[in-house]
Amino acid sequence: MNQKELTKAEEQVMQILWKIRKGFVKDILEEVPQPKPAYTTLSTIIRILEKKGFVAYRAYGKTHEYYPLISEETYKKFITEKLVSSYFGNSFKSLVSFFVEEKNLSLKEADEIIRIIEANKGQK
């Protein structure tokens, strides 16, 4: 699958769809925080997501119920790999070092990362 990075507005809509699993534009609009966009603006963003292959719909007459085609986990994996390759030279070590040095990763958080790595070593 040839995934694309989402804009901030598109990502916000996807996060809502991942949360509610499916919905009409009005359902999605209810979940958008203030200040809410116009209904037509949101509808346009959803149609763009459809063209990008992130969203599909079921038609009920003239209304459409939208649902995600891509899971949140799939997108997280894509965007994380893109981040690591674009900014950290394909090195997860560099990414973790960045968080340790720049974001004051605590010893407790570092220990938890090590536990996760250890637990997943045999799964790859």
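A helix here is a DSSP run of H or I with at least four residues, and helices are numbered from the N terminus. With that in hand, take R47, which lies in helix α3. One caution before we go on: this is a predicted model.

Let's stay with R47 for a moment. Is it buried or exposed, or in between? R47 is partly exposed, because its relative accessible area is 41%. Now look along the chain to Y57. R47 and Y57 are 10 residues apart in sequence. In space, their C-alpha atoms are 9.9 Å apart.

Next, how α3 meets another helix. In general, two packed helices are described by the angle between their axes and the distance between the axes. Take helix α1, residues 8-20, and helix α3, residues 39-51. Their axes come within 10 Å. They cross at roughly 85 degrees. An angle of 65 to 115 degrees counts as roughly perpendicular. So α1 is roughly perpendicular to α3.

Which residues make that contact? On the α1 side, they are A9, E10, V13 and M14. On the α3 side, they are L42, I45, I46, I48 and L49. Sort the residues of this contact by type, and you get eight nonpolar, one charged and no polar.

Stay on α1, and find W18. W18 lies in this helix. The cut-off for buried is under 20% relative accessible area. W18 has 14%, so W18 counts as buried. What is W18 in contact with, once we leave aside its neighbours within four places in sequence? The list is P68, I70, S71, E72 and Y75. Pick I70 from that list. W18 and I70 are 52 residues apart in sequence. From C-alpha to C-alpha, they are 9.0 Å apart in space.

Now the strands. Strand β1 covers residues 55-60, and strand β2 covers residues 63-68. The two run antiparallel. How many bridges join them? Six bridges do. Together β1 and β2 form a hairpin, with two residues between them. In the turn sits G61, with a positive phi of about 65 degrees.

On to charges. As a general point, side chains of opposite charge can pair when their charged atoms come close. The count of salt bridges here is six.

Start with K82 and E5. They form a salt bridge, and the closest N and O atoms are 3.6 Å apart. Why does this pair tie together separate parts of the chain? K82 lies in helix α4, residues 72-87, and E5 lies in the segment before α1, so the parts that are tied together are 77 residues apart in sequence. K82 has 31% relative accessibility, so K82 counts as partly exposed. E5 counts as partly exposed too, at 43%.

Next pair: K19 and E31. Their side chains meet in a salt bridge, 2.9 Å from N to O. K19 is in helix α1, and E31 is in helix α2, residues 25-31. The two are 12 residues apart, and the pair links distant parts of the chain. K19 counts as exposed, because its relative accessibility is 61%. E31 is partly exposed, with a relative accessible area of 33%.

Last pair: D27 and K26. They form a salt bridge, with the closest N and O atoms 3.2 Å apart. At 48% relative accessibility, K26 counts as partly exposed.

Finally, the backbone. Most residues other than glycine have a negative phi, and most peptide bonds are trans. Here are some exceptions.

The bond has an omega near -5 degrees.

Then there is R21. Its phi is near 75 degrees, a positive value in a residue other than glycine. R21 sits in the loop between α1 and α2. R21 counts as exposed, because its relative accessibility is 65%.

And N90. This residue is not a glycine, yet N90 has a positive phi of about 60 degrees. N90 lies in the loop between α4 and α5, where α5 is residues 92-102. With 58% relative accessibility, N90 counts as exposed.

That's the tour. Thanks.

How values were computed
Residues numbered from 1 in each chain as written. Predicted model: local features only at pLDDT ≥ 70, side-chain atom pairs only at ≥ 80, totals over all residues. Heavy atoms only, no water. Axes fitted to C-alpha atoms, helices over the stretch in contact; angles between N-to-C directions. Parallel < 35°, antiparallel > 145°, perpendicular 65-115°, else oblique. Contact = heavy atoms within 4.5 Å. Nonpolar A, V, L, I, M, F, W, Y, C, P; charged D, E, K, R; others polar. Buried < 20%, exposed > 50% of the residue type's maximum accessible area, 1.4 Å probe, protein only. Pairing = 2+ DSSP bridges. Salt bridge = Lys/Arg side-chain N within 4 Å of Asp/Glu carboxyl O.
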